[in-house]
Every structure is written in C-alpha cells, then in structure tokens.
Amino acid sequence: MNYRNFPMVSKVIFGRGSFNQLEEILTPKRLNTKAPFIFFVDDVFKGDARLTSRIPLAYDDKLYYISTKEEPKTTQIDELVEDIILTFKERPSGIIGIGGGSILDLAKAVSIMINNDGESKDYQGWDLVTNPAIYHIGIPTISGTGAEVSRTAILTGPERKLGINSDYTPFDQVILDPELTKDVPTQQWFYTGMDCYVHCIESLNGTYLNEFSKTYGEKAFELCKEIFLEDNLTEEESQDKLMMASWHGGMSIAYSQVGVAHAMSYGLSYLLGIKHGIGNCIVFDHLSEYYPDGVAMFKEMKKKHNIVLPQNVCTDLSDKEFDIMIDVALSLEPLWENAIGKQWKKTITREKLKALYQLM
Ligand code: NAD
Ligand code: ZN
C-alpha cells in the first residue's frame with residue numbers, strides 16, 4: 001500500500017477581526033520594494049471602505065477587483081499573469097485572494113502560473129505542475145467551498161472544468177475571519193454552505209473513506225446540522241461555525257473525493273454556466289437514489305430557509321447538449337469510483353445520466 005503524502009496550508013489564523021493582522025503577516029514576506037503584493041478582491045467589495053480601507057497597500061502593490069459573475073477561466077488566469085509580468089519588472093512578493101471559492105481558486109492559479117511556463121489549461125489535472133508557486137494567501141469572505149484548505153484550483157478551460165491539483169496549490173497562509181462573511185445574502189449563504197454539506201455527504205458515503213476523512217467529515221456534518229437545521233445559534237456563532245465547517249469539509253475530501261452531485265454539477269456548470277453552489281443544490285435534490293438520508297435532510301434545510309431552487313434547467317436542451325454534460329460528468333472518474341465503487345461503469349451509463357439530468 002502506497003499512501004498519499006499531502007501538503008497542508010502552512011499557516012492559519014482564526015478569529016473575528018483577524019483580517020486586521022494582514023499587514024503584520026505581509027511585511028516580513030516582502031522580497032523588496034519593487035516586488036509587489038498583488039491583491040485579487042471580489043468586486044462585490046468595491047466601494048466597501050470597511051474592507052478595502054484595511055487592505056495594506058504599499059510601494060508598487062496592486063489591487064485587482066474581479067467579477068465573480070462567472071467562475072474562473074483558464075484564459076482569465078493567463079491574461080492576469082501576463083498583465084502582472086508586463087507591468088512589473090520583478091516577480092511579485094505574493095498573491096492575496098480575498099473572496100469566495102472563485103477568488104481563492106483564481107489566486108491559487110495565478111500564484112502557480114507566475115512560476116510555470118505555458119498556459120494554465122495545460123496544468124488542469126493531477127500533479128502536472130513542476131515549479132513551486134509564489135507565496136499566496138487566501139482570505140475567504142463566504143464559507144462552504146473548502147477552497148481555502150484544498151489542494152486544487154478549479155478552472156473552466158476550453159475542454160473541461162477541472163482543477164489544477166498539485167502539491168503547490170495549497171495556500172501558504174490563510175486568514176479565517178468570520179466577520180468578513182456577515183453581509184453574504186441568504187440565498188448565496190445557503191448555496192455555498194450546501195457545498196460544504198454535500199462535501200460531507202459525498203465523502204462520508206464514499207468508498208474512499210478512511211478515518212482521516214471520516215473524522216473531519218463527521219465534524220463538518222455536525223456543524224452543518226447545527227447551522228442549517230437548529231435554532232440555537234447567534235448569527236456570530238453561526239458564521240464562526242460555518243467557517244470551520246468549510247475547513248473541515250475541505251480536509252475531509254483531501255484523502256477521499258466528492259461524488260455524484262459534484263460530477264453532474266460540473267456538467268451543468270460547463271454547459272450552462274450554472275455556478276458551483278447552486279448547481280450542486282439543483283443536482284443533489286434529485287439524488288435520493290444515491291444518498292437517501294443526505295437528500296432527505298437537504299430537503300428539510302431547504303424548507304427551513306425558504307429556498308426555492310430553479311426547476312427545468314435542462315428542459316429545452318438538445319441531445320447534443322445532453323451529450324456534452326454527460327461527457328464532462330463521466331470524465332471525472334475518481335468521483336464516480338468514490339461514489340459507486342470500482343464497478344461504477346456497470347450502473348452509471350449515459351442513459352442513466354441523461355434520465356437524471358432530465359429531472360433537473
Ligand atoms: P463565489 O466565490 O463565486 O461567490 C459567490 C457570490 O458571493 C459572489 O456573487 C460573491 O460576490 C458573493 N460574496 C462573496 N463574499 C461575500 C460577502 N462577504 N458579502 C457579500 N457577497 C459576497 O462562490 P463560492 O460558492 O464561494 O465558490 C464557488 C467557486 O469555488 C466555484 O468556482 C467552484 O469551482 C470553486 N470551488 C473550489 C473548491 C476547491 O477546493 N478549490 C471547492 C469547491 C468549490
Ligand atoms: Zn464543492
């Protein structure tokens with residue numbers, strides 16, 4: 001048996017208001033006054049002085065506001081890297097991503113591509129990165145994806161939506177400040193929070209499960225139940241707990257994998273541009289065959305928070321379009337193997353996936 005040896009986030013700080021310590025974290029990491037820190041900030045924060053006034057820009061540091069209407073693309077990463085290389089004579093001191101899963105993945109990918117030749121699409125896959133990334137920090141402002149702790153940076157490329165999975169992907173530093181999540185709108189809070197819930201269900205019910213994954217997954221699952229089903233938490237407690245649930249959910253899938261909901265939601269995302277959180281919800285709602293208890297609880301959570309999911313998103317699709325989604329979903333072999341087992345190809349046929357997509 002050859003066990004996988006995982007890198008982890010090297011440093012992490014947790015606490016309400018810990019964002020104020022960003023400057024003291026950055027200062028010793030500055031290589032010289034010509035080597036800037038590059039900040040990628042979700043453009044939802046543009047004009048929000050409570051956050052932006054606390055970003056410690058100095059010397060040649062540069063801040064890019066990034067729209068998250070669409071999830072990060074390989075072409076977008078390549079353009080940002082080119083812009084940075086053309087603008088600055090020196091390699092940056094570091095990359096800081098401030099936002100949700102989209103911005104965290106974008107920051108990870110840029111930090112890798114600054115030090116690696118070619119285009120980011122060439123690195124989508126497992127362990128294709130040769131040179132270490134530059135120093136990179138992740139600061140989540142919405143909780144659930146686990147992108148702050150994971151070993152992947154998920155990008156939509158010309159051929160598929162797939163992560164840059166590598167030992168160089170995880171952040172060198174993460175700042176977990178639950179206060180940053182306080183203005184997330186309820187719907188989005190639910191969708192991104194459910195990403196964490198689905199990570200737990202898929203990990204805990206997967207064939208790859210071991211005690212490492214189980215321990216993290218059970219904790220995250222317990223926290224999700226408290227947050228989304230019970231009424232005993234203050235808003236602050238709920239924010240704190242969801243941030244830690246996201247972390248544990250992300251840790252849980254390090255050794256295991258996600259499953260059916262993620263495989264199929266990647267198809268929806270690739271063809272229709274449906275975002276990860278809501279896409280998982282749309283799919284998961286129809287997966288009681290695979291995750292009976294998890295889906296029943298999901299329906300309770302949905303009801304409690306008055307969430308109405310989009311219906312019939314696949315109604316008007318052509319056979320060719322179904323084929324595109326099915327191809328994307330089926331290409332994610334490790335997800336199916338985790339969900340169903342080594343013999344997954346016997347039951348997960350194109351017809352089966354089409355029938356499921358037709359329900360959505
Ligand atoms: P997101 O980053 O797209 O953000 C969702 C929405 O919330 C955006 O409109 C954003 O502007 C808004 N938002 C964020 N913080 C806010 C705040 N504090 N106040 C108000 N609005 C705020 O969504 P997400 O669900 O966090 O991430 C989805 C992305 O993460 C997808 O691209 C997915 O592929 C990726 N993902 C990555 C991993 C990983 O391990 N790398 C895991 C799961 C998902
Ligand atoms: Zn996910």
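This is a predicted model: local features need pLDDT of at least 70, side-chain atom pairs count only at pLDDT 80 or more; totals for chains, interfaces and linings use all residues.
The buried residues of helix 8 are V260, A261, H262, A263, M264, S265, Y266, G267, L268 and S269. Helix 8 runs through residues 260–272, and from its first C-alpha to its last it reaches 18 Å, close to the 18 Å expected at 1.5 Å a residue. Just after helix 8 comes G273, which takes a positive phi of about 70°.

Now let's turn to ligand 1. There are 28 residues around it, and S102, D105, T141, S150 and T192 come nearest.

| Protein atom | Ligand 1 atom | Distance |
|---|---|---|
| D105, polar side-chain atom | nitrogen | 2.8 Å |
| S150, polar side-chain atom | oxygen | 2.6 Å |
| L180, backbone N or O atom | nitrogen | 3.0 Å |

Taken alone, ligand 1 exposes 870 Å², and the protein buries 92% of that.

Where does the shell around ligand 1 come from? Helix 4 (101–113), strand 7 (152–156) and helix 5 (186–204) each supply at least two of its residues. Helix 4 gives the most to this shell, with four residues. By residue type, the shell around ligand 1 divides into nine nonpolar, 11 polar and eight charged residues.

Key. Residues are numbered from 1 along each chain as its sequence is written. Chains are lettered from A and ligands numbered from 1 in the order in which they are written. Side-chain values use heavy atoms; hydrogens and water are left out. The expected span of a helix is 1.5 Å times one less than its number of residues. Buried means under 20% relative accessible area, exposed over 50%, partly exposed in between (1.4 Å probe, protein chains only). A residue is near a molecule or strand if one of its heavy atoms lies within 4 Å of it. A polar contact is a pair of N or O atoms within 3.5 Å; within protein, one must be able to donate a hydrogen and the other to accept it, and residues adjacent in sequence count only if both atoms are side-chain atoms. Accessible areas come from the Shrake-Rupley method with a 1.4 Å probe; for residues, only the protein chains shown count as cover. Ala, Val, Leu, Ile, Met, Phe, Trp, Tyr, Cys and Pro count as nonpolar, Asp, Glu, Lys and Arg as charged, and the others, Gly among them, as polar.
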